[in-house]
Amino acid sequence: MSRFYRELTRATEAAANALASYSGAIQAHLESKASERDCESVQSAVSHSGDPNAQFAAEAEALFVWRSAVWSYATAELEKVTAGERAQPGIEEFVGELPAFVWP
């Protein structure tokens, strides 16, 4: 195996590990918000969309829209990091940049 290939492999593995760390932190952030309403997960909370209970339905819709906004923002910003258009932020710093959520 050439030195170039080993370095490329290490760089690829490091990038994959970094992406997994960011993804995990982002998902934990989403789950934390859902747990504020005693939901097992954000997926579970979102499943209340269309619920006959108007409060449950409104919260589910708000979480659905917010989850999409969070992942859209995160994907776009992490692509900028990969492209060298932005410095790589710390994970906590990055989570702090994510769109805010306010319960309806």
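Trainee: Is Tyr-22 buried or exposed?
Mentor: The model is a predicted one. In it, Tyr-22 has a relative accessible area of 5%. Buried means under 20%, so Tyr-22 is buried.

Trainee: How are the rings of Tyr-22 and Phe-94 arranged as a pair?
Mentor: A search of the whole structure finds 4 aromatic pairs. In the pair of Tyr-22 and Phe-94, the ring centres lie 5.5 Å apart and the planes stand at 90 degrees. Planes over 60 degrees apart count as edge-to-face, and therefore this pair is edge-to-face.

Trainee: How many residues apart are Tyr-22 and Phe-94?
Mentor: The pair links distant parts of the chain. Tyr-22 belongs to helix α1, whereas Phe-94 belongs to helix α4 (residues 91–97). Phe-94 counts as buried, at 0% relative accessibility.

Trainee: Which residue has its charged end over the ring of Trp-103?
Mentor: Trp-103 also forms an edge-to-face pair with Phe-101, with 4.8 Å from centre to centre and 85 degrees between the planes. Trp-103 counts as buried at 16% relative accessibility. The charged end over the Trp-103 ring, 4.2 Å from its centre, is that of Arg-37.

Trainee: Which residues does Lys-33 touch, not counting residues up to four places away in sequence?
Mentor: Lys-33 lies in helix α1 (residues 3–35). Its relative accessibility is 16%, so Lys-33 counts as buried. With residues up to four places away in sequence not counted, Lys-33 touches Leu-63, Trp-66, Phe-101 and Trp-103.

How values were computed
Residues numbered from 1 in each chain as written. Predicted model: local features only at pLDDT ≥ 70, side-chain atom pairs only at ≥ 80, totals over all residues. Heavy atoms only, no water. Helix = DSSP H or I, 4+ residues; strand = E, 2+ residues; numbered from the N terminus. Buried < 20%, exposed > 50% of the residue type's maximum accessible area, 1.4 Å probe, protein only. Contact = heavy atoms within 4.5 Å. Phe/Tyr/Trp six-rings, centres within 6.5 Å; stacked < 30°, edge-to-face > 60°. Lys NZ or Arg CZ within 6 Å of the ring centre and 35° of its normal.
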